[in-house]
Protein chains: 2
Amino acid sequence: MTGRDGGADLRPIEPSPLVILVRPQLAENIGAVARAMGNGGLFHLRLVAPRDGWPEQKAWRMASGAHRILDAATVHENVADAVKDLHRVFATCPRLRHIIKPVLTARGAAAELHEIGARGLKTGILFGPERAGLDNDDIACADSLIRYDLNPGFMSLNLAQAVMILGYEWYIARAPEAAARGLQTNETGIATKFELEQFMDHLVRLCDESGFLKNEQKRPGMIRNLRHLFQRGEITSQELNTMHGVIAELARGKRP
Amino acid sequence: MTGRDGGADLRPIEPSPLVILVRPQLAENIGAVARAMGNGGLFHLRLVAPRDGWPEQKAWRMASGAHRILDAATVHENVADAVKDLHRVFATCPRLRHIIKPVLTARGAAAELHEIGARGLKTGILFGPERAGLDNDDIACADSLIRYDLNPGFMSLNLAQAVMILGYEWYIARAPEAAARGLQTNETGIATKFELEQFMDHLVRLCDESGFLKNEQKRPGMIRNLRHLFQRGEITSQELNTMHGVIAELARGKRP
């Protein structure tokens with residue numbers, strides 16, 4: 001969501017699978033694919049018979065800085081030529097067909113791509129043209145199919161989106177345990193328990209002075225409730241400072 | 001990758017979180033977001049101050065059949081108004097900021113959204129404008145942040161891609177165990193062991209007739225090798241029929 005043209009650090013996660021676009025129609029989509037590849041740590045792009053020829057400037061305009069991916073892309077006449085130096089080929093295939101091949105989810109495929117790549121083998125993923133998808137001859141060149149786990153009632157998946165999901169899973173699969181757990185938040189600003197205690201002392205003192213806690217029987221419970229309120233979540237030092245100011249100011253009462 | 005305009009069955013996974021686009025700039029992107037929502041089983045769209053007004057026909061043209069999502073979208077003046085009936089709000093935030101809130105991955109957020117929704121609470125996710133992203137006031141309206149686990153060197157993430165990844169994780173999180181394992185392949189065409197045996201008998205008979213297996217000492221090992229070859233993978237009845245034809249034809253020898 002932030003443009004960073006020029007400063008792009010594409011950092012592929014090597015050995016990364018090749019993205020092979022089969023008969024892509026719109027150069028804009030090729031550019032959008034390159035951008036999605038950059039997001040997901042993919043780098044190697046092959047184009048099989050792009051409809052409008054290659055290179056096409058529109059692709060670079062849509063790539064949002066992922067220019068090196070487009071610069072390095074190669075063009076091939078047919079799928080067989082595009083996969084001839086690869087050891088394992090996957091084909092994205094939204095519909096079930098009468099073809100018996102292993103079918104993987106994007107997540108399952110990403111794990112397998114890492115595993116195969118770690119053995120020093122070259123992998124590639126076929127993505128079909130925007131409207132029709134891969135045909136049966138294309139799919140015959142693949143060892144396994146990838147079928148996304150998405151709403152089966154609405155499978156109209158944009159080409160760059162299909163690459164994005166695969167790239168996203170590819171990136172995550174480098175360290176899958178990190179994906180499930182939350183990321184570390186920046187903890188430097190969180191108030192210490194001592195700072196919280198200082199604030200509670202300040203608050204209770206002012207509440208006592210104002211008469212708010214004058215009911216001796218209810219006092220401990222009310223203080224506990226206040227403590228719970230400020231204990232909850234991870235309050236920051238800055239937020240406590242603000243609250244110090246707020247209660248001090250309130251305690252001064254209405255100004256004349 | 002397949003167009004299915006008109007026949008779209010959007011089937012949201014309810015209770016699905018609201019997608020809230022904050023100050024979106026291009027109507028095309030709003031349409032692409034609706035399409036991604038359809039893929040991921042999301043339905044409820046709110047627009048905060050869309051730059052070019054609303055409705056905009058360009059959005060419908062880019063939605064690839066997800067029209068009902070756009071038809072039902074509501075427009076709001078500011079983020080506070082767009083979230084006022086929600087119980088929990090998440091904000092997508094590509095950059096770390098000096099704000100202390102829980103930070104989740106897309107996967108972690110999807111699990112939490114399901115869990116919160118199952119308790120009958122309404123949730124929403126804020127997505128910022130195309131260039132600038134959410135500002136600090138927007139983020140102050142959120143309880144938690146979502147940060148995608150993607151290449152940190154190339155964070156230029158298209159708005160529809162950001163929604164796509166969240167929708168993808170949302171869809172998968174309805175049944176997370178299905179995502180990791182492969183999908184079932186269509187097993188109806190796989191040859192039975194009896195069919196395989198018939199073929200092996202045919203093959204061995206022809207090999208014997210041709211003299212290929214005349215070395216009695218090596219014969220068992222060679223047959224075992226052939227068996228391994230055809231046993232591997234899940235060969236289909238159709239493929240076996242083809243092979244029956246191939247070996248029969250080869251055994252006839254060169255034609256005059």
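Start with the backbone nitrogen of Gln25(B). That nitrogen lies 2.8 Å from a polar atom of the Glu130(B) side chain. Glu130(B) also has a polar contact of 2.8 Å with the side chain of Asn29(B). By polar contact I mean a pair of N or O atoms within 3.5 Å; within protein, one must be able to donate a hydrogen and the other to accept it, and residues adjacent in sequence count only if both atoms are side-chain atoms.

A word on the model. It is predicted, so local features need pLDDT of at least 70 and side-chain atom pairs pLDDT 80 or more, while totals for chains, interfaces and linings use all residues. Residues are numbered from 1 along each chain as its sequence is written, chains are lettered from A and ligands numbered from 1 in the order written, and side-chain values use heavy atoms, without hydrogens or water.

Back to Glu130(B). Where is Glu130(B) placed? In the loop between strand E6 (123–127) and helix H6 (136–140) of chain B. Helices (H or I, at least four residues) and strands (E, at least two) are DSSP runs, numbered from the N terminus. Glu130(B) is buried yet has no salt bridge. The nearest side chain of opposite charge is Arg51(B), 7.0 Å away. For charge, Lys and Arg count as positive, Asp and Glu as negative; His and the chain ends are not counted. Buried means under 20% relative accessible area, exposed over 50%, partly exposed in between, with a 1.4 Å probe and protein chains only. A salt bridge is a side-chain nitrogen of Lys or Arg within 4 Å of a carboxyl oxygen of Asp or Glu.

Take Glu169(B) and Arg107(A): their closest N and O atoms are 3.0 Å apart. Glu169(B) sits in helix H7 (residues 159–173) of chain B and Arg107(A) in helix H5 (residues 106–118) of chain A, so this pair joins two chains. Both ends are buried: Glu169(B) at 2% relative accessibility, Arg107(A) at 16%. A network of salt bridges links Arg107(A), Glu169(A), Arg107(B) and Glu169(B).

Next, two pairs in chain A. Arg119(A) bridges to Glu115(A) at 2.8 Å. Arg119(A) is exposed at 52%, and Glu115(A) is partly exposed at 40%. Asp208(A) and Arg219(A) meet at 2.7 Å, N to O. That pair links distant parts of the chain, 11 residues apart: Asp208(A) in helix H9 (residues 193–210), Arg219(A) in helix H10 (residues 219–231). Asp208(A) is partly exposed at 33%, as is Arg219(A) at 22%.

On to chain B strands. Is Ser144(B) buried or exposed? Buried, at 3% relative accessibility. Ser144(B) lies in strand E7 (residues 144–146). Beyond four places in sequence, Ser144(B) touches several residues, including Arg88(B), Phe90(B) and Pro102(B). Contact means heavy atoms within 4.5 Å. Pro102(B) is in the loop between strand E4 (88–92) and strand E5 (103–104). Pro102(B) is partly exposed at 46%.

Last, helix H1 of chain A, residues 27–40. Its 14 residues should span 20 Å, and its end C-alpha atoms are 20 Å apart, which agrees. The expected span is 1.5 Å times one less than the number of residues. In H1(A), 13 of the 14 residues are buried, so the helix is largely enclosed by the rest of the structure. Gly41(A) follows H1(A), with a positive phi near 75°.
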